[in-house]
Amino acid sequence: MTSLKFGTSGLRGLATDLIGTEARRYTTAFLRHLDQIGEAADTLYLGRDLRSSSSTILADCANAASALGIEVVDCGVLPAPALALHAMAAGSPSLMITGSHIPADRNGLKFYRAAREISKEDETGIIRQLGDFRFSDISASTLDNTAAAFDRYLNRYNGLLRADALKGWRVGVYEHSSAGREALAKVFAAYGAEIVRLGRVDDFVAVDTEAFTDAVFAPLTGWLEQHRLDAIISADGDADRPLLMDNQGEFVRGDVLGLLAAQFFKADTVVTPVTSNTAIEASALFPTVIRTKVGSPFVIEGMEKALASGGHRVFGFEANGGTLLGNDLATDGETQLTALMTRDAILPLIGVFALAAEQSCSISDLVKQLPLRVALSGRLENFSSQKSSALLEKLMVPQSATAFFAARGSIVRMEAIDGLQFFLSDDTMVHYRASGNAPELRCYVEASTSAQADSALQWGLDAARIGIAQ
């Protein structure tokens, strides 16, 4: 039995389970699924991140596609959104070999149709097509589009701002082993920012852009002071999730990045998971806010519905900051920014810096203007899906939920979009959901103060642990 499993964005598991037969099987199943839904491919674009297993897995994927008579285009190491953009421009599907932010001994595949990421329905279709295929070990012939794909991604941001929009900004780029490190530096430098490159490594380092307390981020505050920086930017392994440390040495949460970017680009509709900060509604900046389940396929589904309903500037973003643009943004009939229905790390970062430059203020000042609630999250590890289901079923019963939360106050409102969210009379929110990637129960809280949030999170984790034992 392999560790491979579809999560919130693509297939993931141990690299040893993916290398060889399984990478070929899933590539074949993906291409057969496309044929089944009327999107038969004659070309497949491939890209990868910098982890050691990715080049081997890419070769496996190329072998499987070639065996079906499909031409393979190798785009090398590049951001996942850059691969998607390049392949979509050619009207072709693509596969990104990446484990994103997970440890180096793991890896994964991200699947893109010719117009967008795959949906949950597509995932089911791929699984249906899996079979015991026979594969040869001959090397597949590939076309090299590495430079063209990278240039297309950079050109997407050409002319978005005036040439000197970020002149006077001194920006650190925490490079580590991100596939987006060159793109980040080049895009920001093109708008006049002075770039200081930091922390580049040769071996792959797992960087989770939401885990601010991880040891990999320990040097950042020192770099900020040492190099007299206005901010530090970065991205995860495949560069579809951004990271930003402001001028005060504070990390800016991904959902705040998305909110500020959507403000700069004057979005009329924001689509975001239920785990994003409630400041999005409280800001009153957007006529329409649509909440979804956690995962980019659900955000894309919500964006497509918004577009079908007449949305003209539809932005999607996850709590991790990965931002999607539903339609081309145009000024005076000329396209300013092309749509891209997959997560991108550069788009929200550019939006935040441009907004700060426009208002002649620091990034920390921008954040202070928002009606933010303090948001924290935690998890109970080794908490099986059966335990999670039992707890959520228990809390769906009003009488049980009332007794469960009695120590904190009464339940003012409950939402069941993804897991269960409880808004309580003590002005806190507690949200439980089962992880889609691991045997864990996730707990998210919001409160007015840091002390309240700390207390609510600790209580929420303890209460869940005790509650399932009773």
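Which residue lies over the face of F383, and at what distance from the ring centre? K387 does, at 5.7 Å. The points below concern a predicted model.

1. Charges over rings. Besides K387 over F383, there is R413, which lies over the face of F423 at 3.9 Å from the ring centre. F423 also has a place in the strand pairing, standing opposite M429 in strand 22.

2. Aromatic pairs. The count of aromatic pairs comes to 17. One of them is Y153 with Y157: the ring centres are 5.9 Å apart and the planes stand at 85°, so the pair is edge-to-face, the cut-off for that class being over 60 degrees. Y153 and Y157 are both buried. In another pair, F405 and F422, the centres are 4.6 Å apart and the planes make 40°, so this pair is tilted. F405 sits in the loop between helix 15 (398–404) and strand 20 (411–415), while F422 belongs to strand 21 (residues 420–424), so the pair ties together parts 17 residues apart in sequence. F405 counts as buried because its relative accessibility is 0%; F422, at 1%, is also buried.

3. Strand 21 pairs with strand 22 in the antiparallel sense, over four bridges. The two form a hairpin with four residues between them, and D427 in the turn has a positive phi of about 70°. Strand 22 (residues 429–434) is mostly covered, with five of its six residues buried. Strand 22 also pairs with strand 23 (residues 441–447), antiparallel and over six bridges. Within that pairing, A434 has L441 of strand 23 as its bridge partner.

4. Seven strands form an open sheet with mixed pairing, in the order 1-2-6-5-3-4-7. Strand 1 (5–6) and strand 7 (142–144) are at the edges and have a single partner strand each, so one side of each lacks a neighbour in the sheet. Strand 1 and strand 2 (residues 11–14) are joined in the antiparallel sense by two bridges, with K5 opposite R12 in strand 2. Helix 3 (residues 54–67) packs on this sheet and touches strand 3 (43–48), strand 4 (71–77), strand 5 (94–97), strand 6 (106–112) and strand 7. The direction of helix 3 makes about 175° with that of strand 3.

5. R51. Is this arginine, R51, buried or exposed? R51 has a relative accessible area of 1%, so it falls under the 20% cut-off and is buried. R51 lies in the loop between strand 3 and helix 3. A polar atom of the R51 side chain is 2.9 Å from the backbone oxygen of P103, and a polar atom of that side chain is 3.3 Å from the backbone oxygen of I102. With neighbours within four places in sequence left aside, the contacts of R51 include G99, S100, H101, R106, N107 and F204.

6. Helix 4. Nine of the ten residues of helix 4 (residues 80–89) are buried, so the helix is mostly covered, buried meaning under 20% relative accessible area. Among the buried residues are P81, L83, L85, H86 and M88. The buried residues pack against strand 3, strand 4, strand 5 and strand 6, and also against helix 6 (146–156) and strand 18 (340–344). G91 follows helix 4 and has a positive phi, near 70°.

7. Strand 10 (residues 231–235) and strand 11 run antiparallel and are joined by four bridges; I233 has L244 of strand 11 as its bridge partner.

Notes
Residues are numbered from 1 along each chain as its sequence is written. This is a predicted model: local features need pLDDT of at least 70, side-chain atom pairs count only at pLDDT 80 or more; totals for chains, interfaces and linings use all residues. Side-chain values use heavy atoms; hydrogens and water are left out. Rings of Phe, Tyr and Trp (its six-membered ring) pair if their centres lie within 6.5 Å; planes under 30 degrees apart count as stacked, over 60 as edge-to-face and the rest as tilted. Buried means under 20% relative accessible area, exposed over 50%, partly exposed in between (1.4 Å probe, protein chains only). A charge sits over a ring if NZ of Lys or CZ of Arg is within 6 Å of the ring centre and within 35 degrees of the ring normal. Two strands pair if DSSP finds at least two bridges between them. Contact means heavy atoms within 4.5 Å. Axes are lines fitted to C-alpha atoms, for helices over the stretch in contact, and angles run from 0 to 180 degrees between N-to-C directions. A polar contact is a pair of N or O atoms within 3.5 Å; within protein, one must be able to donate a hydrogen and the other to accept it, and residues adjacent in sequence count only if both atoms are side-chain atoms.
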